[in-house]
Amino acid sequence: MGEGMPLIRLARVLPWLGLLLWTALPVQAQGERFNDEPVIARGKTLFQEHCAVCHGANAQGIDQNWHRPDENGRYPPPPLNGTAHTWHHSMEVLAQVIRKGTLEWGGSMPAWEETLDDDDVFSLIMYLSSLWPDEIYQAWLKRN
Ligand code: HEC
């Protein structure tokens with residue numbers, strides 16, 4: 001156990017640290033909004049077809065008390081337009097909620113994996129996030 005040990009360890013780790021930073025930085029720096037209009041338009045159509053009935057025509061929610069559970073402990077569908085906390089969830093988590101729904105967790109959103117494929121789910125998330133103000137969108141990007 002010489003004094004050189006920690007240095008040797010550091011030397012082994014540094015290149016990896018560098019690689020990590022190098023791959024993480026562009027993501028942090030760019031912050032550009034997704035703007036593939038056909039994808040967003042497709043998400044909007046799907047949303048109106050399948051989701052608007054619960055989440056409101058423009059994802060604004062239909063129950064102002066969406067953060068309060070009803071007498072059965074179920075929550076009303078929240079707004080998805082950036083005014084609630086949808087942006088707290090990473091892309092992957094949102095996709096999971098949409099695919100699996102929340103029935104298994106005691107919620108009341110149906111699963112969509114039988115009806116919608118991965119591209120559909122992606123375009124839905126891109127439509128929803130396109131509604132969010134830039135500040136919220138940027139905060140969301142950092143979670144992805
Ligand atoms: C039958 C009503 C209903 C329909 C239809 C529905 N949802 Fe939901 N959704 C809910 C409820 C209720 C919640 C809140 C979670 C819970 O307690 O079940 C929710 C939660 C969510 C969340 C998580 C939001 C957050 O802020 O955490 C997302 C994302 C979402 N829904 C997207 C969709 C999309 C996309 C569709 C259409 C493909 C859809 N929902 C269709 C009822 C619905």
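Which residues does Leu 128 touch, not counting residues up to four places away in sequence? In this predicted model, local features need pLDDT of at least 70 and side-chain atom pairs count only at pLDDT 80 or more, whereas totals for chains, interfaces and linings use all residues. Residues are numbered from 1 along each chain as its sequence is written.

With those sequence neighbours left out, Leu 128 touches Ala 59, Leu 80 and Thr 86, contact being C-beta atoms, placed from the backbone, within 7 Å. Asn 58 is 70 residues from Leu 128 in sequence, and the two are 9.1 Å apart in space, C-alpha to C-alpha. Asn 58 lies in the loop between α3 and α4.

The largest nonpolar core has 15 residues, of which Phe 47, Ala 59, Leu 124, Ile 125, Tyr 127 and Leu 128 touch the most other members. Such a core is a set of buried Ala, Val, Leu, Ile, Met, Phe, Trp, Tyr and Cys residues joined through C-beta atoms within 7 Å. Two or more residues come from each of α4 and α5 (118-130), and α5 gives the most, with six. Helices are DSSP runs (H or I, at least four residues) numbered from the N terminus.

The ligand is surrounded by 24 residues, the closest being Cys 51, Cys 54, Thr 102, Gly 107 and Met 109; a residue is near a molecule if its C-beta atom, placed from the backbone, lies within 6 Å of it. The elements giving two or more residues to this shell are α3 (52-55) and α4 (91-100).

Definitions and conventions:
Buried ≥ 20, exposed ≤ 12 C-beta atoms within 10 Å, placed from the backbone. Contact = placed C-beta atoms within 7 Å.
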